[in-house]
Amino acid sequence: MTLDEIAIKYITDKSSNGHSYCQYYDMIFSPIRDHRINLLEIGIDKGASLLMWAEYFCNGNIHGIDIRGDYDYLTENKRIHTHIVDQSNKGELIVFAEQYPNYFDIIVDDGSHMSSDMMLTFETLFPYLKSGGYYIVEDLLCDYDTRWNKGVSVIERIKQMVSEVNMSGKIPNDHICANKKEAVKKYDADFFSKNIEWTFNACGTTIIKKI
């Protein structure tokens with residue numbers, strides 16, 4: 001089954017019956033589908049997405065965090081693990097991340113959809129993501145709605161990443177790329193721009209590949 005078919009089976013809005021994110025995820029993750037990956041999803045709700053990921057990554061360990069913890073029915077699957085963490089609380093995110101340094105291959109933010117929470121969670125958890133891993137931020141259209149955007153725009157941060165990738169991202173033969181070396185000399189790259197290889201953007205979702 002494709003990821004979209006599995007998503008439809010579990011009635012998650014990631015499917016083509018909802019936001020249609022799975023077509024992109026399947027395209028990128030199908031080569032590692034059988035690997036022993038470790039995946040974290042922020043935001044559990046009823047657990048449909050965790051069940052979807054567990055079936056798709058049949059050898060993977062699937063973790064979910066949420067502000068509530070009544071998910072015993074999900075952990076009947078021994079590869080699904082749930083944790084009580086508030087993504088708006090940097091301290092709680094760090095305490096959790098310190099338990100899993102360089103562990104997760106994929107992190108998916110499908111949590112509060114608050115732009116400030118998305119930014120805080122990315123800035124806190126991305127450094128703990130495994131090298132070569134993928135960080136996904138979903139439901140980006142919420143950023144255009146004042147109910148979720150309180151003045152901190154995750155969309156603008158993603159636009160900034162596009163520039164950062166061009167300045168610091170890995171490319172072959174950068175010596176022939178016009179003014180690349182001179183531009184980089186003037187560019188004060190931070191941790192994030194030095195560690196982002198590429199970004200993939202589609203309606204409502206972005207995937208960030210860590211170097």
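**From the sheet to the cores**

In this predicted model, helix 3 (residues 48–56) lies across strand 1, strand 2 (61–66), strand 3 and strand 4 (106–109). Its direction makes an angle of about 165 degrees with strand 2.

These strands belong to an open sheet of seven strands with mixed pairing, in the order 3-2-1-4-5-7-6. At the edges are strand 3 (80–84) and strand 6 (196–202), each of which pairs on one side only. From one strand to the next, the twist averages 15 degrees.

Strands of a sheet pair through backbone hydrogen bonds, either parallel or antiparallel. Strand 5 and strand 7 (residues 205–210) are an antiparallel pair with five bridges. In this part of the sheet, Ile 136 stands opposite Ile 207 of strand 7.

Next come two helices. Helix 4 and helix 5 pack with their axes 10 Å apart, at an angle of about 30 degrees, and their crossing is right-handed. Helix 4 contributes Lys 90, Leu 93, Ile 94 and Ala 97 to the contact, while helix 5 contributes Leu 120, Thr 121, Thr 124 and Leu 125. Of these residues, five are nonpolar, two polar and one charged.

The largest nonpolar core has 28 residues, and among those touching the most other members are Phe 122, Leu 125 and Tyr 135. Strand 1 (38–42), helix 4 (90–98), helix 5 (115–125), strand 5 (134–138) and helix 6 (154–168) each give two or more residues to this core. The largest share, five residues, comes from helix 6. A second, separate core of 27 residues includes Ile 44, Met 52, Tyr 134 and Ile 207.

How values were computed
Residues are numbered from 1 along each chain as its sequence is written. This is a predicted model: local features need pLDDT of at least 70, side-chain atom pairs count only at pLDDT 80 or more; totals for chains, interfaces and linings use all residues. Side-chain values use heavy atoms; hydrogens and water are left out. A nonpolar core is a set of buried Ala, Val, Leu, Ile, Met, Phe, Trp, Tyr and Cys residues joined through side-chain atoms within 4.5 Å. Buried means under 20% relative accessible area, exposed over 50%, partly exposed in between (1.4 Å probe, protein chains only). Helices (H or I, at least four residues) and strands (E, at least two) are DSSP runs, numbered from the N terminus. Axes are lines fitted to C-alpha atoms, for helices over the stretch in contact, and angles run from 0 to 180 degrees between N-to-C directions. A crossing is left-handed if the near helix is turned anticlockwise from the far one by less than a right angle, and right-handed if clockwise. Contact means heavy atoms within 4.5 Å. Ala, Val, Leu, Ile, Met, Phe, Trp, Tyr, Cys and Pro count as nonpolar, Asp, Glu, Lys and Arg as charged, and the others, Gly among them, as polar. Two strands pair if DSSP finds at least two bridges between them.
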